[in-house]
Amino acid sequence: MFRPFTRALCLTLIILSAVACTQKHEEAKTNRTVISGIDASRKPGDDFFSYVNSIWWDTVKIPGTQSGVGSYSFLNYPQRLRLQAILDSVSSGTHPSGSLEQKVGDFYASGMDTVTINKRGYEPIKPIFARIDAINDVAGVMKFVAEEIKVADNSIIGFYVGPDDKHSAINIAQFVQAGIGLPEKDYYFRSDESTLATQKAYEKYVTTLFELTGADAATAAKNASTVYKIEKQLATSHRTNVELRDVKANYNKLAVATLDKRHPNIGWTTLLAELGAKTDSVNVQQPAYYDQLNKLLKSVSLADWKVYLKASSMNTFANELSKPFVDATFAYTQVLTGQAQKKPRKEEMTQSVDRYLGHALAQLYVKKYFTEDAKKRMNTLVDNLEKAFEARINRLDWMSDSTKAKAKEKLHAFSRKIGYPDKWKDYSKVEVKRDSYFENLLSSNSNEYAFDIAKVGQPVDRTEWLTTPPTVTAYNNPPLNEIVFPAGILQPPYFDVNADDALNYGGIGMVIGHEITHSFDDQGAQYDKAGNVTNWWTKTDYEKFKAKTQQVIDQYDKFTVLDTVHVKGALTVGENTADIAGVAIAYDAFKLTQQGQDTTKLDGFTPDQRFFISVARIWRVKTTDAFLRNYVKTNPHSPARWRVNGPLMNTTPFYNAFNLQPGDKMYKPESERIVVW
């Protein structure tokens, strides 16, 4: 789908545990959450993640259809089973034409009709191939590229519409680096064993795609080599994942007339007209990429560009075509993730409906699973976390009063979204037929594009959501200065209306604190209370802040993940800062509650101990090594173990709760414990 692609959006994927960590327990006629499964043979001060989770870790098996199990991103798996049950039900009934039930039910049914899909083979993309074959010049290449963007078939142009970082109340056309098929730039240039295996698997995948569309083995291999060479040339101009974190470097608002002179082969005026974007200026986030693309449009032969475009379109749609294409996609995915088996078709199609008709499916979901009581409890939690954060700002010994005042203004300007949108996305123009899966997804993509392109130059709609409500996630959106908690995350182990405050504050409270902190991490701190990139710091305070975040980078660089693989401190600094502060803010807020001020034990643990155990359980994850290697290279979050042990080794109340002493592996002298916020 046509979706925003911006690092300013700090999306934190947080997912429910596949293994239930709750049991029903009668206490004063009230259900509450019981803590069990703690490995008492381990010292909590040596490895708290293992102290809490090792018994689960040692016994749980990663399903063959998944690359991991547990919470975090893998908790969307059990969530999809809920959605799947809804879809199985609505797809088996008869509903009025154009109704939500008809559209989601028929879309799901069309994707489950593998007999028809397999019979069609690659027929759905033959019109795309014909249009590529008809291209006569560079202008024709760019016209084709623009047309395909409208159905989310993206290739050499990365385009979306989002708030102008310097004028965040108005949307602007945004252009980002694109054009490569491997996960990120460094995959084309590293020569370690796992990277070489990924390169080989990718070239084999592209070769297979050409064979499946009629090329002989020799021609298919030659075509794959051509595609890889073009991508590698494009990749030389890409910024690394760490470089992409530079908010100011990603803001390059340029006049279209200037770009026309700079990039005559791209032809910006014509490109924007083809896209339907009426504007005289755009933000080119990574200009070096478009400089390189402009050169390659002439230096690479037209014949090679046609080969590249066919490969790009096949890659976009392969998983939506017949079984041989799906198998080819999975073979490549296996190398990246270590996933042993393909996901069941029902699971794949549940994801597809969520991707293409997400807000329609969400309306059915929230009717069944979301309660207003959850929303009320969440609002109370957010209120208390904001109070705790303000108190922490007041106590900072490194920040001046003038900057503290600005920080508190920004904190109080937050908007929050909980559960689901006040205004649902409109799918009335999406045509869904029970026997036309491919055409259904194209119609959805076209509808999404029309929705987005209409926003160029228009005021930002502050009611819009950037995720679907059933998704187990939370995010901070700096240009809108907002924090968002969809219905999907408001369930155990993150949130439970029956749980004691210790578990809820250590669970969803930590997530709330994490998301609030994103507005004050290395990127978010560059946005003011209105969501504009502008300096609200004194020079001295900002230098001190940068020194604090450098401490976070240096500390996390030392954490080992696999063998010689370490956490990338510079890539993960924003998330790590939010984790460290998120725990601290949630703990302070917990101490405002009645239980937080008590010492009565439950299940043998004090309230403080229950709080920290909850922190460890929401990051309970076990993955394949292949998934983890790719994750460390590409993801701005630290692996789960270090989302527990990293923040807690910097949290003094944790030391007090579990009596950490010098010699414990997690122990750090108080002077070395990092406190940013």
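A: Helices here are DSSP runs of H or I with at least four residues, strands are runs of E with at least two, and both are numbered from the N terminus. As for the ground rules, this is a predicted model, where local features need pLDDT of at least 70, side-chain atom pairs count only at pLDDT 80 or more, and totals for chains, interfaces and linings use all residues. Residues are numbered from 1 along each chain as its sequence is written, and side-chain values use heavy atoms, with hydrogens and water left out.

Now to helix α14, residues 345-356. Its twelve residues reach 16 Å from first C-alpha to last, close to the 16 Å expected. Buried here means under 20% relative accessible area, with exposed over 50% and partly exposed in between (1.4 Å probe, protein chains only). By that cut-off, E347, M349, T350, S352, V353, D354 and Y356 of α14 are buried. The cover over them includes α2, α3 (100-112), α15 and α18 (437-453).

Contact means heavy atoms within 4.5 Å, and, leaving aside neighbours within four places in sequence, E347 touches T65, Q66, Y77, R80 and Q84. With R80 there is also a salt bridge, at 2.7 Å from N to O; the term covers a side-chain nitrogen of Lys or Arg within 4 Å of a carboxyl oxygen of Asp or Glu. R80 is buried, as is E347. The structure holds 40 salt bridges.

Two of the covering helices also meet each other. The axes of α2 (residues 76-91) and α15 (residues 358-369) come within 11 Å and cross at roughly 105°. So α2 is roughly perpendicular to α15, a label for angles of 65 to 115 degrees, whereas under 35 is roughly parallel, over 145 roughly antiparallel and the rest oblique. On the α2 side, Q79, R82, L83, I86, L87 and V90 meet L361, L364, Y365 and Y369 of α15.

Notes
Axes fitted to C-alpha atoms, helices over the stretch in contact; angles between N-to-C directions. Expected span 1.5 Å × (residues − 1).
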